[in-house]
Amino acid sequence: MPCAGPAMTNVDTIIHARWIAPMERGAARLLEHHAVAIADGRIQALGTSAEITAGFAASEVIDRPDHLLIPGLINTHTHAAMNLMRGIANDKPLMPWLTENIWPIEAAEMTRDYVADGTDLAMAEMIRSGTTTFNDMYFFPDVVAERVDEAGLRAMLGMIVIDFPTAWASGPDEYFDKGLALHDALKRHPRIHTAFAPHAPYTVSDEPLTKIRTYADELDVRVHMHIHETAGEVSDSQDKYGKRPLARLDELGLLNDNLLAVHMTQLTSHEIARCAATGVQVLHSPESNLKLASGLCSVQGLLDAGINVALGTDSVASNNDLDMIGEMRTAAFIGKIAADDAAAVSADTALAMATINGARALGLAETTGSITAGKQADLAAVDLSALETRPLFDPIAALVYNTSREQVTDTWVAGKALMRDRGLTTLDEAELLTRADAWADRLVRYA
């Protein structure tokens, strides 16, 4: 009798791809004709297609022969429900945009239904762009949590703190009470996490910021905040407090590795050095910075100083999309201009900013951000067979410099397909369009 072959390991899914970008330290930059084996939502193995075929038996085998398989993209700065305000106030600088358009709309229209519908629309757009994790700062985060749970994405949700009342809370005390209740409710959720989200130094006073520092230290959670977004913000802080915003936050004890500083377009060399020394992490939103004329972030200078820089889109009200592939391209291009160096912010760096750097910023690097055995199977497949990506010499460069989000065919979170062959599986596209059109009819008077 012939000898029995080696036993095969049963898994749920095997994905074969023409190329895989692991984005893992010590791993090859690019793997060809490789596959991943997935079981119980986790990557069980990464190997050549021949090795995976020989060693694993799967309930489902997916072949993507013209695709680049990447870690799911991580959008580290969003205001998801603001998708309902896409393009409602164009061509304005930050403060007039906020005070004349955004805040009045929120004061008049903010409801739980508003947040639910806007978040669903945003999540559909993110899934269709290959994003698997987002870090959100918006009101009614309990509603956002419900929608994220239903859609299957991974998210970090902000415990909002701001000095003035909104539809979500009447003032700092209630913001804290509701935020901490949300934190307690979600602390065992496998895909949803929380962070404190004070809006900005100019909208949050010293007392609540001090309380945030205390709670963040006790709970070991991130603090997600707009900082040094514009020259005007810095100048106003100097007039009001006699110091720049970062110096004020430093005195309050907030400069540490839990601080996620969004924008950071106005930095001195001393401030960069101080952020590096204290472990501050920067969330870069290049397209929003450009559209609002807020300034250029010195990304390569931050990276050279040893600062972790991740990528986020900001809201569609100031971007006007949640396209992380486009955001990578913009980050690379303006990073070169800001550094006056064509070698700055390379394609590989941009992809790292959108994947593993984002995971590190959110404290999720043991969970997601790279393709390696043991991590959650958060993945996206990008079809590089299109005319627009041929001839093809370098798949990572092609992804960053000339691929469109429409070439993302599949998105998985924890091994579950949220999009398959461009079709959403957990959200109803037709229903979303109907809801979006209804909100457009309601909000058109603000346009």
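Let's start with D323, which touches S129, T313 and R405, leaving out residues up to four places away in sequence; contact here means heavy atoms within 4.5 Å. This is a predicted model, in which local features need pLDDT of at least 70 and side-chain atom pairs count only at pLDDT 80 or more, while totals for chains, interfaces and linings use all residues. Residues are numbered from 1 along each chain as its sequence is written, and side-chain values use heavy atoms, with hydrogens and water left out.

D323 sits in the loop between β12 and α12. Helices (H or I, at least four residues) and strands (E, at least two) are DSSP runs, numbered from the N terminus. A polar atom of the D323 side chain lies 3.1 Å from the backbone nitrogen of G326. D314 is found in the loop between β12 (309-311) and α12 (324-339) as well.

**The annotated sites**

UniProt, in an unreviewed entry, places the feature "binding site" at H77, H79, H226 and D314. These positions are spread over 238 residues of sequence, yet they cluster in space, with a largest C-alpha distance of 12.0 Å. From this set, H79, H226 and D314 belong to the lining of the largest pocket. UniProt positions follow the numbering used here, feature names are shortened, and annotations may be inferred rather than shown by experiment.

The "binding site" annotation in the unreviewed UniProt entry also covers E106, H199, E229 and D314. The lining of the largest pocket includes E106, H199, E229 and D314.

How accessible are some of these residues?

| Residue | Relative accessible area | State |
|---|---|---|
| H77 | 0% | buried |
| E229 | 3% | buried |
| D314 | 5% | buried |
| E106 | 10% | buried |
| D323 | 12% | buried |

**Who touches whom**

H77 lies in strand β5 (residues 73-78). Leaving aside neighbours within four places in sequence, H77 is in contact with several residues, including H224, H226, H263 and D314.

E229 lies in the loop between β9 (223-227) and α7 (231-241). Apart from neighbours within four places in sequence, E229 is in contact with residues including L94, H263 and T265.

**The largest pocket**

The largest pocket has a volume of about 370 Å³. On a 1 Å grid over the protein atoms alone, a pocket is an open set of points with protein on both sides within 12 Å along at least five of seven lines, and lining residues have an atom within 4 Å of a point. Grid points are joined across faces, edges and corners, and a volume is the space filled by probe spheres (1.4 Å) set on the points.

Which residues are closest to the centre of the largest pocket? Of the 28 lining residues, they are L98, W103, E106, F139 and H199. Helix α2 (residues 94-109) gives the largest share of the lining, seven residues. E106 is found in helix α2, and touches M82, M85, Y138 and F139, not counting residues up to four places away in sequence.

Definitions and conventions: Buried < 20%, exposed > 50% of the residue type's maximum accessible area, 1.4 Å probe, protein only. Polar contact = N/O pair within 3.5 Å; in protein donor to acceptor, adjacent residues only side chain to side chain.
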